[in-house]
Amino acid sequence: MKNNFAGPPIMKEEVETAIKKMKHGKDNISVELIEALEDFGIGKVTHLLNEIYDSGEIPTDLSKSIFIALPKKPGATECELHRTISLMSQITKILLKIIMLRIRNKIKPEIAEEQCGFVEDKGTSNAIYILRTLIERALEAQKDVYLCFIDYTKAFDRVRHNEIITQLKQLNIDGKDLRIIKTMYWEQTAAMRIENKTSTFQDIKRGVRQGCVLSPDLFSLYIPSSETGVDLDALDEKLSSLQTAHRSNQKRDRFWAVVYLVTVFSNPTGLIYAPDKCKQLVKLARKHNVLLVIDDVYNLMWFPPSDPTSHCPIAPARVRAFDKSTDPDFGAGHVVSVGTFSKYLSPGIRLGWLETSDKLIAKLTLSGLAASGGSFNHYMSKLITWALKFGLVDQHLAKLRIEYKRRMDKMCDVLENHLPKGFKFVRPQGGFYLWLEFPKNVDTFEFAQFSAERYGIIFIPGVLASPTDGCYNCARLSISGINEAKIETGIKEFCMAYKDYCMM
Ligand SMILES: Cc1ncc(COP(=O)(O)O)c(C=O)c1O
């Protein structure tokens, strides 16, 4: 968390502004009372809020809400036909309003220009106006207009708390602000009140908080991260801020940081960076004087085209291909491509290779590790050198590509035929991994335990592949260690396990 729970103390002015912006509600301590006590009241509340803010501990009463169900139509009996309003302490509302005002500027840039809901100074009427204008123009030009309405059922209630925290961390929200949001979300309890009878308080594990001023902002932020690899703007920003912090220690001709990426058939997502993205990465590395270490461990494992007469290039571009020595800003080169025989021959041989510029190779061979000669496996190196010379490695690779393509095709076919709706995956064009996105409300960590215990099916749940507890609804499936027949039975059972899990 940022700066070990950093965050400026709450000021009296922030409390005053929050109170002014609040709708007055009923509570044992009303906002009117605090306002009436003027400086004394504001001072007391500021003191209390700072105690909560510094300790990160919220008194139980303040994390409780009571939901009241209002029927949407007279005589409604089903849950769906009710709208809930939420009653909570005024002190909690003031605190959340302050946090909302603090983080709003960081959340704003993440919200698309077109979004009209949950955005200040915009609303449904703006969206309707835009739509009417578009329709009028289309009518004038005698063109067809197609409208698509998507209604996300219970969208607010399906938001995963972990995912919100991941998004907030990526926005570099102050540690103490993040801690308050986390506590409010993890420790919230709520009871239903119907006709003056109140139920017992229950933990709420999912959804944005009912009636909380932060909810619209957090809901707007709740978007999946990029499916095309690392976010280049975020990387640019991160490198800029880190570089400022490290400037005093830097020598001009030295790389001050290393960026490690798997850009072809990545582990765990199987994704490939597009050529343009590779080009941009090299540009960024040159701009910030950092070294890109690209783990090209899977790039040779592309699958042969289904049509053998096809002449399409199938081996994806490597980042290294865009670090051209003829470029005026090439310098000493900014990319090291790392290869390994682990995936093509056997992990046990512990042999790999590096590919980079002449200047960097010269530096690397002078390193103590290389010069001492003691760190390399010379026997195995010689053996593989001859296997390469005789074309044995190429022959073996050609066989593997056919075998792995068969396995991957089988896995994708079975998934397509046996998974219920709501899943997403991209058919990998090489490598060992398939990244499966479950419906948003599924926690794959929980499902992984279920499928292992009940069906003996093991896969890697997404959270284990995320540094920020994200990807909770994703899974990595692998084809490397099992043959086609076992993949067929295993994936069928995996799909059955899921259906079974949903029935629980
Ligand atoms: C991205 C990546 N790099 C490196 C390795 C391991 O390579 P080696 O066995 O040569 O250490 C793996 C193996 O799982 C991998 O997925």
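**Questions on a predicted chain**

Trainee: What share of the 504 residues of the chain counts as buried?

Mentor: This is a predicted model, in which local features need pLDDT of at least 70, side-chain atom pairs count only at pLDDT 80 or more, and totals for chains, interfaces and linings use all residues. Residues are numbered from 1 along each chain as its sequence is written. A residue is buried if 20 or more other C-beta atoms lie within 10 Å of its own, exposed if 12 or fewer, and partly exposed in between, with C-beta atoms placed from the backbone. Of the 504 residues, the buried share is 27%.

Trainee: How many helices and strands are in the chain?

Mentor: Both are DSSP runs numbered from the N terminus: helices are H or I with at least four residues, strands are E with at least two. The chain has 17 helices and 12 strands.

Trainee: Which residue in strand 8 stands opposite Leu 292?

Mentor: Leu 292 lies on the covered face of strand 7 (residues 291-295), together with Ile 294. Strand 7 and strand 8 (residues 335-340) pair in the parallel sense over 4 bridges. Opposite Leu 292 stands Val 335.

Trainee: What is the handedness of the crossover from strand 6 to strand 7?

Mentor: Strand 6 (residues 258-261) and strand 7 run parallel, joined by 4 bridges. Between them the chain passes through helix 11 (residues 275-288). A crossover is right-handed if, with the strands pointing away from the viewer, the path from the first strand over the helix to the second runs clockwise. This β-α-β crossover is right-handed.

Trainee: What do the buried residues of helix 15 pack against?

Mentor: Helix 15 (residues 392-418) has 27 residues. Its buried residues are Tyr 404, Lys 405, Arg 407, Met 408 and Met 411. Two residues are in contact if their C-beta atoms, placed from the backbone, lie within 7 Å. The buried residues of helix 15 pack against strand 10, strand 12 and helix 17 (484-503).

Note on methods
Pairing = 2+ DSSP bridges. Expected span 1.5 Å × (residues − 1).
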